[in-house]
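Morning, everyone. Please bring up the model on your screens. I'll talk about aromatic rings today.

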Amino acid sequence: MISPNLATLPADLLLEVTSCLSSRTDILNLALSSKHLFASICPVLYAHVHLGTAEQCQRTLSMLRSRPNVARHVQKLYIRFSSGSSGFMADINGIAISVLLRDLAPKLDALHTFIWDASEIPQCDDMWFALRVSCPRLRTLGTCYGSVMPSQRSHLLEFKNLRGFSLTLKYGYYTHHADDFQDALPFDGHLWDMLIQRSPNLEELHVLGGPLILDGTVHPLCNARWPLLHSLTLGDIVLDWSSGPGPMSAKRPFIAFLEAHQHLRSFRTSRTALSPHVLPSLDPSALPNLTHFAGSLEHLQALAPSHPQITHLAIEEPLIIRDLAPLLVAGVLQSLRSLTELRISFVFHSSYESGSLVRNLVGACPGLTTLEITCARRSSFKVDTLAKSVSALPRLRHLRLTLVPPAKGESLRVCASQIAHTIPRLQSFTLTFIPASLPLSLTPVNFGLYDESGNYVVRTDEHGFPHSLSCTERRPVLRLPFTLPSIPIPIAVPLLSFYSFASPRPRERKMKTQHFLMDLRPGTPTRGGLGLILECSTAGDEVRVLTVLVALSGLALWGFFA
């Protein structure tokens, strides 16, 4: 009898097998086992390409350009990298990557989503022309505003029949155009003409900010009507300067916009775009299909009574914890009887009995399957105590914790083991330790400004009990525990990609990633030797001190007898 061979399976069965793998690393390892498997699994492996650094962008895009048989499977392409220079035209990375994309576009036959999320707009504007002409399925675009605004003759404005569009504002925009008005930026007006006039079937719109409008005017967005719009995100964008609704006042233009879009399912807003005090004027029957909402607690207080069908909630503004805050939050959440996912952030300025806070959340939302909690400024939770409180949620499957660790707390791995043992029903969880000095604007964590972070996937036995964790931990690369003095050296150094020292822009740190499998069964030997020396915990600190003392004693004895 011939033994079964995975490579002999038909391509459609191989795709079904691949769909059962949750980790992209496992999919990659399976594809690399043979040329036949790679050719069969390539459509799944390269369907969504997310590039996060300039080096990764250049290497991957160059590979795709030289291998059209792989590039033709790319359906979603996400480009994100830090600028190589503080100046627009001196950004070497941006120029090289946009030129690579221009040359690669004719090979991206299946591309339907493209997101450019760099620090500046593409320096090679012909990239947009190549994407529009060469990618007939491209219907979702994303771009950004940086220190330089696009020209009103930009090829980006030539797209039509878009289904999705996103706009992100970068640091350079706020330093150069924060006080500009919309009528002074011709590109912005032309952009809205493209979205409103030439994209009548728009389904998703994500605008994280924009230029100011003159007093007494209304933003073009308020006059738009997209019958198929189901997802809307609005950041710091002023929509109108009208006064608040009074007994005899007319309805605000943006309120009328919301009432006209009955198919809206996902809505994320800010105080700038929508003031909470105008929400009571919204018709209670409006937004009947709303299930995903993100905004402030005041927004939620106005929406929750008439929209109990919300299932996914994100309270964007960190809540300052005081005596009545837990009761206030729990009272609002209790009216959302269908809530299954919650993201919430807290800020602790003093010591607080945090157990009651978590118990109030658990009692108000018993049906949660996904919970994300961020606690900033002070060490407020012990991970084991928090895990015991959260274990009362019977349907919880995914957990994300971001918090300031205690001064002498357990290591990341020990905390992960505690969570897995305390909440055995979890399928995956993430644990991130952040510094107490992290600004509120960077909470939840952005730019890699965390002490250490880990993603954990729980593996269970045939009885459903966890026996191991598939771990991915990230830490900043090893740094010296002290700062070297700045010594001027008269050497001619070319001006490369360095930010200005006076710039308040946060800089991304290089992270070290480690993948391993942690056994949770009792009797598993603990780490020792070099692993214990490198471990970030109280035991690791003691072993490092002991190692230094032993080394100094050995040097002293060697000097004495030499």
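Which residues do ring pairs link into a cluster? They are Trp226, Phe254, Phe257, Phe267 and Phe293. Keep in mind that this is a predicted model.

Now the wider view. The chain has 562 residues, and 43% of them are buried. There are 17 helices and 18 strands. Take the contacts between residues at least 6 apart in sequence: 73% of these join residues at least 24 apart.

Back to the rings. The structure holds 11 aromatic pairs. One of them is phenylalanine 81 with tryptophan 116. Their centres are 5.6 Å apart, with 90° between the planes. That makes the pair edge-to-face. Phenylalanine 81 sits in the loop between β2 and α6, while tryptophan 116 is in strand β3.

Next, phenylalanine 429 and tyrosine 456. Stacked or edge-to-face? Stacked, because the planes meet at 25°, and under 30 degrees counts as stacked. The ring centres are 5.1 Å apart. Phenylalanine 429 lies in strand β15 and tyrosine 456 in strand β16, so this pair ties together parts that are 27 residues apart in sequence.

Are these two buried or exposed? Phenylalanine 429 has 2% relative accessibility, so it counts as buried. Tyrosine 456 is at 1%, and is buried too. The cut-off is under 20%.

Last one, with a charge. Arginine 413 lies over the face of phenylalanine 516, at 4.0 Å from the ring centre.

Note on methods:
Residues numbered from 1 in each chain as written. Predicted model: local features only at pLDDT ≥ 70, side-chain atom pairs only at ≥ 80, totals over all residues. Heavy atoms only, no water. Helix = DSSP H or I, 4+ residues; strand = E, 2+ residues; numbered from the N terminus. Buried < 20%, exposed > 50% of the residue type's maximum accessible area, 1.4 Å probe, protein only. Contact = heavy atoms within 4.5 Å. Phe/Tyr/Trp six-rings, centres within 6.5 Å; stacked < 30°, edge-to-face > 60°. Lys NZ or Arg CZ within 6 Å of the ring centre and 35° of its normal.
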